[in-house]
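Here is a short briefing on one protein model. Topics are grouped for quick reading.

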Amino acid sequence: MSSRRGVGLSAFQNRSALSTQYASHGASLRSNHTSSLQNQLSVFQSLLHNFALQHGETIKSDPTFRAEFARMCNAIGVDPLAGSNVKGKSGGKGKGSWWTQTLGGDVNDFYFELAVRVVELCRATRGENGGLIAVEECRERVGKGRGIGGGMDISDDDVLRAVRSLDPLGSGFSVVTVGSRQMIRSIPKELNPDQSTVLEAIQVLGYVTCSMLEDNLGWSNARSETVIQDLLADSLVWVDAQAPEKSYWSPASMGLDDL
């Protein structure tokens, strides 16, 4: 008769106790790791706060310095524009954005003033470009202050942040990429893939014709004509009917030299 004994109940109990110990130890390690990361983040945020106070005037006046500082904020999870005009649980008004708490209202107001000017510019030029304007063109026009008050010393990054600050309002303003350029779209309408392709081709070549689209993309004449007509209807392209074949240009892709 074999003297080998089967696994008893105590073996299962020991295994269960061991699993519980491993789980408890793992939870303790995670808690310590989380606490350490929170302490490090708190130190970084404190240093960032002191840096902001020390270089506040430069942040307000230098668009390049301001953009780099905002990137540092994002790297440690601080959104400079978050929390603006947010009401607390008691129903009262919140403390405002991190910009306001750290540097006062000047920088915070700067971005909202810039957002207002971007909206005004987009509305004023919608008849020219169909509601699609390049970020750098927007920066140039707002910087010169043509038709919307005095100029502002701003960067592309400032314009992008101003547009993003409009998101909570459901304004329909967004930033899209067409080819290698970032564009501000001020109409709540998505570009389909064919329209994006045509606009990208215009950005590279300067203009397109239906035959160019058919020869280079293998499109049928009906497809080319449909896309072009849709873009024309939305004022996203202009037509030059004086050439032997009609050519189509995008006002958003034209140079900024004459702004």
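**Surface patch, hairpin and salt bridges**

Leu-41, Val-43, Phe-44 and Leu-47 make a nonpolar surface patch of about 370 Å². The model is predicted. Salt bridges number seven in a search of the whole structure.

**Nonpolar patch**
- Val-43, one of the patch residues, sits in helix α1 (residues 9-54).
- Val-43 has a relative accessible area of 48%, so this residue counts as partly exposed.

**Hairpin**
- Strands β2 (residues 174-178) and β3 (residues 181-185) pair in the antiparallel sense, with five bridges.
- Ser-174 has Arg-185 in β3 as its bridge partner.
- Two residues lie between β2 and β3 in this hairpin.
- Gly-179, in the turn, has a positive phi of about 65°.

- Glu-137 and Arg-141 form a salt bridge through their side chains, at 3.3 Å from N to O.
- Helix α7 spans residues 135-144; Glu-137 and Arg-141 are four residues apart in it, so about one helical turn separates them.
- Glu-137 is buried, because its relative accessible area is 6%, under the 20% cut-off.

- Arg-161 and Asp-157 form a salt bridge at 2.7 Å, N to O.
- These two residues are four apart in helix α8 (residues 156-164), so they too are separated by about one helical turn.
- Arg-161 and Asp-157 are both buried.

**Salt-bridge network**
- Within it, the side chains of Glu-140 and Arg-139 meet at 3.3 Å, N to O.
- Glu-140 is partly exposed at 25% relative accessibility.
- Arg-139 is also partly exposed, at 22%.

How values were computed:
Residues numbered from 1 in each chain as written. Predicted model: local features only at pLDDT ≥ 70, side-chain atom pairs only at ≥ 80, totals over all residues. Heavy atoms only, no water. Patch = residues over 30% accessible without salt bridge, like charges linked within 9 Å, V, L, I, M, F, W, Y side chains within 5 Å. Areas by Shrake-Rupley, 256 points an atom, 1.4 Å probe, with all protein chains shown as cover. Salt bridge = Lys/Arg side-chain N within 4 Å of Asp/Glu carboxyl O. Buried < 20%, exposed > 50% of the residue type's maximum accessible area, 1.4 Å probe, protein only. Pairing = 2+ DSSP bridges.
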